[in-house]
Amino acid sequence: MSARVLVTGAASGLGAALSDAFEARGDRVLRTDVSYDGSADGLHLDICSDEDWAAALAHVEQTWGGLDVLVNNAGVAGGGRLDVATLEEWQWIFDINLFGMVRGIRAFTPLMKAQGSGRFVNVASLAGLVHPAGMASYNAVKAAVIALTETAGHELASHGITAHAVCPGFFRTNLLDSMRGADTALGHVVGRLVTESPISAEDIAAAVLAGLDAGEELIVPDEPARGAVELKRTDRASYDAVMRAQARSLDKLADSAGGEA
């Protein structure tokens with residue numbers, strides 16, 4: 001039986017790849033994105049708008065009568081060293097990456113409770129599990145997404161609802177198009193890691209669906225990410241040494257560029 005799936009941030013990147021992957025196996029997918037204008041591409045949805053979430057809920061109820069999977073994928077990139085990133089940057093990334101997701105879960109939980117089933121699939125990041133220097137706001141917001149997802153899984157289990165956190169490492173995507181921040185040294189480092197990754201959004205999407213089929217509540221979909229998590233778990237001293245060496249490299253890069261940024 002095909003599933004009814006809503007994907008946020010579906011216009012490009014991982015959202016598009018996930019939408020394609022669900023559709024390829026026969027699921028019905030409602031693609032939503034802030035860039036959509038209500039045409040045949042999909043439904044306009046600004047995840048920071050309560051009104052847009054209410055409209056998405058109404059659309060799903062009128063079109064399908066329910067929803068099986070909500071994929072909270074939409075988000076932005078950011079970060080910066082603690083004395084460089086501004087409080088405005090912190091507020092911006094939390095408003096979108098955390099509270100946008102909270103709005104979606106709040107909007108669809110009553111429907112899923114009423115039908116006695118459903119899945120929340122929340123795209124977090126390896127940064128929620130492994131915390132490199134220079135990325136405090138991004139690390140913190142993605143860790144919050146993982147905590148939110150685990151809590152939802154416990155709270156909603158008796159209603160037949162599951163929650164799944166997706167934690168990929170670096171892969172080729174257009175997420176950096178949304179990146180902002182005063183710490184341009186960090187942007188240079190992250191940009192190189194993304195563009196040089198051998199892993200595609202399609203690779204991540206395939207692994208996510210496999211993880212969902214296996215019932216995994218924490219999905220770490222790529223081998224480099226799994227290796228980083230395992231290093232932290234089994235050899236904390238080596239993990240700390242790697243992270244602190246990366247911090248020194250970031251400072252050197254900023255110094256060579258002639259300043260903090």
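1. Setting aside neighbours within four places in sequence, Leu-70 is in contact (heavy atoms within 4.5 Å) with Leu-6, Trp-53, Gly-104, Ile-105, Phe-108, Met-112, Arg-119, Phe-120 and Val-121. Leu-70 is also listed, with Leu-6, Leu-67, Phe-108 and Phe-120, among the residues with the most contacts inside the largest nonpolar core, which has 44 residues. A nonpolar core is here a set of buried Ala, Val, Leu, Ile, Met, Phe, Trp, Tyr and Cys residues joined through side-chain atoms within 4.5 Å. The elements giving two or more residues to this core are α2 (50-63), α3, α4, α5, β6 (161-166) and α9 (236-256). Apart from this core lies another, of 25 residues, among them Ala-17, Tyr-36, Val-123 and Ala-205. In soluble globular proteins, nonpolar side chains tend to be buried together.

2. On the basis of the model: this is a predicted structure, in which local features need pLDDT of at least 70 and side-chain atom pairs count only at pLDDT 80 or more, while totals for chains, interfaces and linings use all residues. Residues are numbered from 1 along each chain as its sequence is written, and side-chain values use heavy atoms, with hydrogens and water left out.

3. The protein chain has nine helices and seven strands; helices (H or I, at least four residues) and strands (E, at least two) are DSSP runs, numbered from the N terminus. Of the 261 residues in the chain, 48% are buried. Buried denotes under 20% relative accessible area, exposed over 50%, and partly exposed in between (1.4 Å probe, protein chains only). Among contacts between residues at least 6 apart in sequence, 70% join residues at least 24 apart.

4. Helix α3 (residues 87-97) packs against helix α4 (residues 99-115) at an angle of about 20°, the axes being 3 Å apart. The axes are lines fitted to C-alpha atoms, for helices over the stretch in contact, and angles run from 0 to 180 degrees between N-to-C directions. The angle makes α3 roughly parallel to α4; angles under 35 degrees count as roughly parallel, over 145 as roughly antiparallel, 65 to 115 as roughly perpendicular and the rest as oblique. Phe-94, Asp-95, Ile-96 and Asn-97 of α3 meet Phe-99, Gly-100, Met-101 and Arg-103 of α4. The residues of this contact comprise four nonpolar, two polar and two charged. In this division Ala, Val, Leu, Ile, Met, Phe, Trp, Tyr, Cys and Pro count as nonpolar, Asp, Glu, Lys and Arg as charged, and the others, Gly among them, as polar.

5. Which residues of α3 are buried? They are Glu-89, Trp-92, Ile-93, Phe-94, Ile-96 and Asn-97, and what covers them includes α4 and α5 (136-156). Ser-137 is found in helix α5 and counts as buried, at 3% relative accessibility. Leaving aside neighbours within four places in sequence, Ser-137 is in contact with Gly-78, Gly-79, Trp-90, Ile-93 and Phe-94. Ser-137 and Gly-79 lie 58 residues apart in sequence, yet 5.3 Å apart in space, C-alpha to C-alpha.

6. The axes of α8 and α9 come within 5 Å and cross at roughly 125°; the two helices are therefore oblique to each other. Leu-231, Lys-232 and Thr-234 of α8 make the contact with Arg-236, Ser-238, Tyr-239 and Val-242 of α9. The residues of this contact divide into three nonpolar, two polar and two charged.

7. The whole structure contains 10 salt bridges, a salt bridge being a side-chain nitrogen of Lys or Arg within 4 Å of a carboxyl oxygen of Asp or Glu. One of them joins Asp-20 and Arg-31, with the closest N and O atoms 2.6 Å apart. This pair links distant parts of the chain, Asp-20 in helix α1 (residues 13-24) and Arg-31 in strand β2 (residues 28-33), 11 residues apart. Asp-20 is partly exposed at 41% relative accessibility, whereas Arg-31 is buried at 17%. Asp-20, Glu-23 and Arg-31 are linked in a network of salt bridges.

8. Arg-25 and Asp-213 also meet in a salt bridge (2.9 Å, N to O). Here Arg-25 lies in the loop between α1 and β2 and Asp-213 in helix α7 (residues 201-213), 188 residues apart. Arg-25 counts as partly exposed, at 40% relative accessibility, and Asp-213 as exposed, at 53%.

9. Glu-230 is partly exposed, with a relative accessible area of 36%, and Arg-233 is exposed, at 62%.
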